[in-house]
Amino acid sequence: MFSYLQRQRVNLQLLQESSCRELVHLLEKIEGNKAIVLDDALLGPIGLIASPSLFSDRGIKLLKLDKETRFPRDATNIIYIIRTQIKLMDIIVSHVLRTKEKGRLFHIFFVPRRSCLCIKHLENKNVYGSFGQLEELPWNFYPLDFDILSMENATTFRDVAVDGDPTVLYQAAIGLVQLQRIYGRIPKIYGKGNMSQGVWDRAKQLGAEEKLLFNGEKGIIDQIILFDRSIDFLSTFATQLTYEGLIDEFYGIRHNQLTLPAELFANRGEDDVSPAHLTAEKKTIILNSGEKLYAELRNKNFNEVGRILARNAKEISAQMNASTQDKSVHDMKLLVDKLPVLLAQKQSVAVHTTIGEIIRKRLDAYEFTDDLTAEQEFMMCEDIERPSTYIEDLMAKKTELKSVLRLICMQCAAASGFKEKVLNYYKRELAHVYGLEVLLKVSNLEKAGVLYTQSESRAYAVLRKTLNLTVDDVVEIEPKDISYVHSFYAPLTARIVELSLKPLGWQSLKSQINNLPGPTFEDFQAQLIGIGGRHTSTPSEGSSLNIPRVVLVFFVGGCTFAEIAALRFLACQEDNNVEFVIATTKVINKYTFLDNLT
């Protein structure tokens with residue numbers, strides 16, 4: 001089920017299998033019939049760790065945590081797999097008190113670690129004695145695909161920047177140490193930003209305590225680059241124009257699944273070979289590289305998607321309609337054997353054609369094209385020193401608040417901060433149109449550093465030119481540059497990674513990115529040898545044997561599918577000779593990031 005995780009030198013199926021074994025080990029410690037109750041935030045991620053058969057083969061029923069959750073009568077063991085939150089403890093306490101007389105034993109598997117505060121809460125509520133096992137499942141990273149790891153923590157940036165809670169940075173550090181246990185020590189570390197520095201400082205300390213990072217053998221991963229989300233808000237709020245990015249922005253991809261109204265597919269003649277299944281009036285489509293067509297489509301600019309679908313449909317039709325005359329019995333048998341595969345491919349084309357059609361309708365709307373034009377003007381630093389007339393028009397029409405706030409945030413990022421009178425003007429207009437409560441949202445954006453007043457630095461305006469972030473006449477079909485992911489703009493983080501791949505890349509970049517928020521840092525965990533103390537390459541790093549080097553890029557605070565597509569594009573360029581593993585606290589888009597902050 002997870003074979004799609006094995007396609008690179010860093011085999012992420014090893015991480016999935018390790019996490020799954022930890023779950024099985026804890027389940028086998030509990031005797032008797034079992035039912036598992038899952039926190040809502042873990043209902044999706046658990047499917048990235050364990051297949052449904054793991055539970056069905058053991059007769060374990062999965063339930064959603066709710067105040068009214070009803071347990072199976074034959075379940076003598078109720079196992080909660082939950083995050084460490086006090087509000088969840090209160091729901092569990094109500095379950096225990098409601099069913100205490102029925103002789104059931106309760107257990108809790110905390111994700112990603114045990115919480116003394118939660119356990120103390122159970123003691124204070126006088127239900128601690130009803131629990132058997134109180135364990136932890138250290139699921140710090142969930143493998144989304146062969147090159148993507150996610151902590152599935154959507155509130156990371158808010159927790160740290162707005163609420164001042166650095167807990168998630170510690171969890172990320174544990175995750176980095178866990179990766180090095182499985183894949184070996186990472187010798188080179190580069191990073192930018194306060195959160196990134198916080199993650200690495202904690203990871204280095206944890207590794208030193210168990211003598212892992214300094215004494216362990218060099219692993220498969222050659223280096224890690226850590227990025228703060230705060231160094232590049234523009235890429236966060238920009239509209240993604242890749243197939244996968246648009247699906248996420250319009251309809252939402254949750255744990256590799258897309259859910260759409262079933263009626264959209266009613267006339268496609270779909271059958272059981274579909275890569276999706278119907279649930280009530282919804283259709284859930286699995287989106288990962290296990291499906292060949294989606295793997296080809298997802299990183300493409302949307303303007304290239306139609307051409308690829310048409311080519312696939314033509315090829316499948318030609319194979320299915322091939323004349324059977326003059327064919328031998330052996331050839332006929334081969335054709336019959338291929339038929340189920342061809343039918344599955346035909347169904348896949350039908351599904352993605354439907355998705356493409358509904359996306360195209362959204363793209364053709366005047367509102368979308370007008371927004372895109374305004375975005376590109378901000379990216380070009382046009383009229384960013386004063387209130388935008390386009391944003392003023394949107395507010396006059398009482399356009400949805402999140403659309404207005406997004407564009408204000410984009411303008412602020414492009415201007416490297418507003419003049420104080422411009423920021424105050426926007427605040428007054430927002431309060432006048434949307435009510436005083438909008439100022440609470442604006443306050444959170446200011447705490448997070450998304451909205452702020454200008455300093456002397458004009459980081460974006462300078463980097464736009466020095467790093468070639470905006471590209472005129474970009475090629476969207478069979479592109480030559482990563483700017484195709486936004487049809488105009490190259491994500492700053494991806495451009496930094498691209499330049500870091502060149503000889504002396506990070507050393508030459510440091511002076512250019514110093515004006516971005518937070519410290520620029522580097523560290524080495526390899527034995528320092530050679531002239532000037534530089535770490536010289538070893539054959540295992542791949543250059544002399546033409547083996548691709550492996551770079552782990554970790555986005556602290558979230559990354560977009562457009563940034564992922566840009567890094568995959570770089571990995572496909574033969575001159576780079578590199579494989580990327582992309583780690584993130586959560587895959588985000590312009591609206592999910594904004595919603596979590598406000």
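Predicted model: local features only at pLDDT ≥ 70, side-chain atom pairs only at ≥ 80, totals over all residues.

Biologist: OK, in what order do the strands of the open sheet run, and is the pairing parallel or antiparallel?

Modeller: There are 5 strands, ordered E2-E1-E3-E4-E5, and the pairing is parallel.

Biologist: Which strands stand at the edges?

Modeller: Those are E2 (61-64) and E5 (131-136). Each has a single partner strand, so one side of each is left without a neighbour in the sheet.

Biologist: And how much are neighbouring strands turned against each other?

Modeller: By 20° on average, ignoring direction.

Biologist: Zoom in on E3 and E4 for me: how many bridges pair them?

Modeller: Strand E3 (residues 77-83) pairs with strand E4 (residues 105-111) over 7 bridges, in the parallel sense. Ile81 has Phe109 of E4 standing opposite.

Biologist: Which strands does helix H1 touch?

Modeller: H1 (residues 13-28) packs on the sheet and touches E1 (34-38), E3, E4 and E5. The direction of H1 makes about 165° with that of E4.

Biologist: Switching to the largest pocket: what's its volume?

Modeller: About 1200 Å³.

Biologist: Which lining residues are closest to its centre?

Modeller: Out of 44 lining residues, Arg83, Glu152, Asn153, Ala154 and Thr155 are the closest. Elements that each supply at least two lining residues include strand E6 (142-145), helix H6 (167-183) and helix H21 (561-572).

Biologist: How does the lining divide into nonpolar, polar and charged?

Modeller: That's 17 nonpolar, 13 polar and 14 charged.

Note on methods
Residues numbered from 1 in each chain as written. Heavy atoms only, no water. Pairing = 2+ DSSP bridges. Helix = DSSP H or I, 4+ residues; strand = E, 2+ residues; numbered from the N terminus. Axes fitted to C-alpha atoms, helices over the stretch in contact; angles between N-to-C directions. Contact = heavy atoms within 4.5 Å. 1 Å grid on protein atoms, 1.4 Å probe; cavity = no way out; pocket = protein on both sides within 12 Å on 5 of 7 lines; lining within 4 Å. Points joined across faces, edges and corners; volume = space filled by probe spheres on them. Nonpolar A, V, L, I, M, F, W, Y, C, P; charged D, E, K, R; others polar.
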